Amino acid sequence: MLKLLKYDMKRDLFTLLGGAAALVLGLLAIELLGKQVGMERGAQAVLSLMGYTFFGILILIAVCNSFRLNIRSVGRRLVPLGSLHYVGSALLYGLLLNGVLLVIGGLHMLYYQATGILQQLEQSGSFTINWDSSIPLPFGVSLIVLWGSLFLLTLLLLVMAMMESMRFKGRTLIAVAAVIGISILTSAVENSFFGGAGTQALTGFQIESQSELNLPTESLGAVLPAFLFELVMSALFTWVTVKLINRSVRVE
Amino acid sequence: MARLLEFESVSKAYGKKIALQQITMAIEPGRIVGLLGSNGSGKSTLMRLAAGLEHPDAGKIRILGHLPGQASKAAVSFMPDRPQFEKWMTVGEALDFQRDFFNDFDATKSERMLDFMKLSRRDKASALSKGMQERLQLTLALSRRASLYLLDEPIGGVDPVARDHILDALVEFYEEDSSVVVSTHLIADIERIFDEVIMIREGSLLLQREVEQIRMESGKSVDQLFKEVYAEC
């Protein structure tokens, strides 16, 4: 699994370095140019958060693309590894890239804290943190983001494997419909059984207006059943993905 | 001792197109076997099934007694008819990939092969000419000490000089206690190295016979017999 990950990273090295550089430059531009044009602190923070979200989406796309290449590639499929390894390495890849994103975000927060910007945002009411969990805030946020992305990735990998198992036109549309359909179904089940206490990434973040964001929380006890449900669902997604890779995905 | 490769009533179809039907055959260790057939006869499908890249619709395949899977992939070295290395790789990285995933990779042999094939580790694999890519593919496949080598059209699309070089490399570097299955329709160039041949047509097995037996019984070369058999199509 780690060897597959090693070659994924070697293959995507320049894209990853370029992406990281683009994110850092973008954040610097928001900070420096924002100051020059007199942008409000709250607006800058929201813009930065949108930047992180955008890169989070790019990470999902990169991981899905890497997984798709791997399950179709004759060179990769000839190695004596079970299909679970392809899923595992893609999930690890996603975790690693999201981890890097979180580290950059963490450093950003440290900068906000050290320069007093965070206090300014809290005082102005543009940024509200209600964290009443026993888990330290940075750890809790990381956990929510990483688990959310992992859960979403298991769903996306399943859809990728489905897409690569189809031999007819319009499979991309079917894949998009499958993502939407399964997401709606999962959310509906979570809403019905757990009162909407999902643990998906960023459910705690709400952008109220162009320049306001809140970070409310729910207690661990409230999200635990939903977490267990998502855990079972992601195990199910992974199982079906492995079956599809074994039986249906066409190797190029 | 388990047979190296065994097909038992194996069938495979892609939609309505039947690629293989009811193939039953076996390959013993220490043989160089020609898998012969015209384009679209099912050679590549047979190879991909044996390599564990596809599943048969019916029948059983065994490699050293194992069903196709992790254990069989560790014992089989497959050279597909299209590049198995990734576009971003250099020749060295493609070999490193093989080394990292296959315990039977022989680094000394791979260096000897690079030298023989006149390949440099620094060359970008996707920038090589078709002939040189074929050489790299063969180097990747034969650098392993596998029990079974499956070479899908190793000389297809290369000039006669490169063909000879590739065949010389094959004879020089394959493991003598292993078996090699070479699929081709360019028989005249390659029949000198075969111990036995398997002919398939439209997905069905026509014959599996020792080359010497063919020559003795019919007085013809494999190439002549092939032309006769496939001229009837």
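**View 1. Strands β3 and β8 of chain B pair side by side.** Strand β3 (residues 32-36) of chain B runs parallel to strand β8 (residues 196-201) of chain B, and 4 bridges join them. Strands are DSSP runs of E with at least two residues, helices are runs of H or I with at least four, and both are numbered from the N terminus. Two strands pair if DSSP finds at least two bridges between them. B:L36 has B:M199 of β8(B) as its bridge partner. The model is predicted: local features need pLDDT of at least 70, side-chain atom pairs count only at pLDDT 80 or more, and totals for chains, interfaces and linings use all residues. Residues are numbered from 1 along each chain as its sequence is written, and chains are lettered from A and ligands numbered from 1 in the order in which they are written.

**View 2. The open sheet of chain B has 6 strands.** Their order is β5-β6-β7-β3-β8-β9, with mixed pairing. β5 (76-79) and β9 (204-210) of chain B each have a single partner strand, so one side of each lacks a neighbour in the sheet. On average, neighbouring strands are turned by 15 degrees against each other, direction ignored. Axes here are lines fitted to C-alpha atoms, for helices over the stretch in contact, and angles run from 0 to 180 degrees between N-to-C directions.

**View 3. Helices α4 and α5 of chain B pack together.** Helix α4 (residues 107-117) of chain B and α5(B) meet at an angle of about 160 degrees, and their axes are 10 Å apart. This makes α4(B) roughly antiparallel to α5(B), a term for angles over 145 degrees. B:S110, B:M113, B:L114 and B:M117 of α4(B) make the contact with B:R135, B:T139 and B:L142 of α5(B). Residues are in contact if their C-beta atoms, placed from the backbone, lie within 7 Å.

**View 4. Helices α1 and α2 of chain A pack together.** The angle between α1(A) and helix α2 (residues 41-72) of chain A is about 165 degrees, with the axes 11 Å apart. α1(A) is therefore roughly antiparallel to α2(A). Among the residues of α1(A) in this contact are A:L4, A:L23 and A:G34; those of α2(A) include A:F55 and A:N70.

**View 5. Chain A touches chain B.** In this interface, 14 residues of chain A are in contact with 15 residues of chain B. On the side of chain A, α1 (2-36) and α3 (74-77) are the elements that give two or more residues.

Methods. Parallel < 35°, antiparallel > 145°, perpendicular 65-115°, else oblique. Contact = placed C-beta atoms within 7 Å.
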